Amino acid sequence: MSKLRNVAIVGFAQAPIVADDPHRTAPEMLYPVVKQALKNANVERKDIDYQCAGSSDYIDGRAFSFSQVMEVMGAWPPVQDSHVEMDAIWAAHLVWVKMQAEECDTAIIAGFGKVSEGSPMHVLNLQLDPFYHASLGLDHVSTSALQASAYMAKAGVDDAGLAEVAARNRAAGAKNPDTQLRQAVSAAELQKTPFVTSPLREGYLPPIGETATCLVLAAEGKAEKMCDKPVWIHGVDHRIELQTIGARDLTSSASTKLAAKNAFAMAGVKGVNDAQVVELGSTTPVEELILRDALGLSSGLGGKADGPVVNPSGSPLCANPLMNTGLLRLAEGFRQLSGRAGERAVSGAKRAVVHASAGHCLQQNIVWVLGTERRWA
Amino acid sequence: MEPPKERVKFIQTDLVLPYHYYAGDYKALYLRALKDKKILGSKCSATGKVFVPPLMSSPDAHAPCEEIVELPDKGIVTTFCVVNVPVYGRDIELPYVVASVALDGADVSIYGLVQECKAEDVEMGTRVQAVWKPDGERQGDHTDIKYFKPTGEPKAPLESFIHRL
């Protein structure tokens, strides 16, 4: 791997994740978050070279929705701006590429999505092919349920296994003051929750939530002044699979596997076990099991806890604010490696692997390797 | 392969996407005040600029605008246009004037119709005042101001509002 530019996460802030904030518009949720993220990184807005947001017009119900947050991101005098119609973690990737091209040294990345103003179920249905899939009324829960059935049959995992995974995440979420569901619930109790779409029970699915997030990235030379413990990006890659879910093996994640292989190579690590923390963008217990397999982690079923700590944040099962869910995974990596994880801190964590996903049934996947030390000398 | 002789099968999808937009506390305050024939703005804590409708933060200074101020319903026409073609959904006699109105004391304009005068009598700098819907009919939305009408006061010189264009 050739030498790349050292880039670090130097600040993060988020709004509380709630089901519905009737007092603030999306820009109004984001404004204090941007101000706080800049404060956390010890800079003024004028010190930032570049900005990029991740959001969705369909979630917000507005065309070119990103333009409404220009004002609160501090886009005056006219700034360099970009946007991705994706989870904001992909905006972070775009900024990282910009920094590799030396087009900027400092940047803010914002995520927003006013989920409560629309109907995510309808929107996510429209993500599918209009002829064969969307017209059936499939939404993200039903496609996840199709995936879950397939995986359970193939891997021999039963309902109790799903409950175990969900309960472990709920227990972790109880220690995360920034997530939405903060009560530990036992596997037995989760198994009593009703099926939403069989085999997925209410207790195996995330709550509806919304928030706003802002991450600050900076290149070597500036990052050190902005954060006491910058968290360096060692490797990153993302891969996408076919839209047609019938053309994919739903029981495995080829794109996660390949993205991880490339990210690990960039980071110069052998594999996931070189990390102490792994944060996965899994929105169902089955997604977590598929991702564990793709990354080379054990399933963790049966109470086994070998290898790195997985999902110390409680995972998207405890909060899934669309367009922010992925960036929150990157934020967890930052918090864990920079001494900002409070009660849930993984002791001695020096390296983290972060994953996020987009699309139905883990269609697109991004994998990051983060470290407390610079990657390239 | 022969191209099809009949029209290729297509599907019509009538997308039903329900949304309810929140005004947010700042704009809700503004809308509610219209019911009482009051126009509210907010003042930037860094530059003192007054925004109407009120904003939580100033776009140029990136500073909070927490102070709410009441503005008069009088101001000047900064820029305007004369509409000569019917617009879908509007039942207004042609031609009519749509104007950017800088209320006295505000640093940004609001938009409205200018009526009770001939279109050719409207100029940049014409002083205007809001004509409100009668009591009991105002709903707390932007149509509570029916239109603006000229006050007959002397026209404002361009230098006095050139920074507000």
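Which strands of chain A does helix α10 (residues 254-267) lie across? I looked this up and found that α10(A) lies across β8, β11 and β12 of chain A, running at about 150° to β8(A). I took axes as lines fitted to C-alpha atoms, for helices over the stretch in contact, with angles from 0 to 180 degrees between N-to-C directions. Helices (H or I, at least four residues) and strands (E, at least two) are DSSP runs numbered from the N terminus.

I note that this is a predicted model, in which local features need pLDDT of at least 70 and side-chain atom pairs count only at pLDDT 80 or more, while totals for chains, interfaces and linings use all residues. Residues are numbered from 1 along each chain as its sequence is written, and chains are lettered from A and ligands numbered from 1 in the order in which they are written.

**Sheet of chain A.** I traced an open sheet of 10 strands with mixed pairing, in the order β3-β2-β4-β7-β1-β8-β12-β11-β9-β10. Strands pair if DSSP finds at least two bridges between them. β3 (80-84) and β10 (309-310) of chain A are at the edges with a single partner strand each, so one side of each has no neighbour in the sheet. I then checked β1 (residues 7-14) and β8 (residues 231-240) of chain A, which run antiparallel and are joined by two bridges. The bridge partner of I9(A) in β8(A) is V231(A).

**Helix α12.** The 13 residues should span 18 Å, and the end C-alpha atoms are 19 Å apart, which agrees. I found 13 of its 13 residues buried, that is, with 20 or more other C-beta atoms (placed from the backbone) within 10 Å of their own. G339(A), which follows α12(A), has a positive phi near 70°.

**Whole chain A.** I recorded 12 helices and 12 strands. Of the 377 residues, 56% count as buried. The C-alpha atoms fill a box of roughly 55 × 45 × 40 Å along the principal axes.

**Chain B.** I located a hairpin of β5(B) and β6(B) with six residues between the strands; G105(B) in the turn has a positive phi of about 95°. The two strands pair in the antiparallel sense over five bridges, and V98(B) stands opposite L113(B).

**Interface.** I noted 21 residues of chain A in contact with 17 residues of chain B, contact being C-beta atoms, placed from the backbone, within 7 Å.

Methods
Contact = placed C-beta atoms within 7 Å. Expected span 1.5 Å × (residues − 1). Buried ≥ 20, exposed ≤ 12 C-beta atoms within 10 Å, placed from the backbone.
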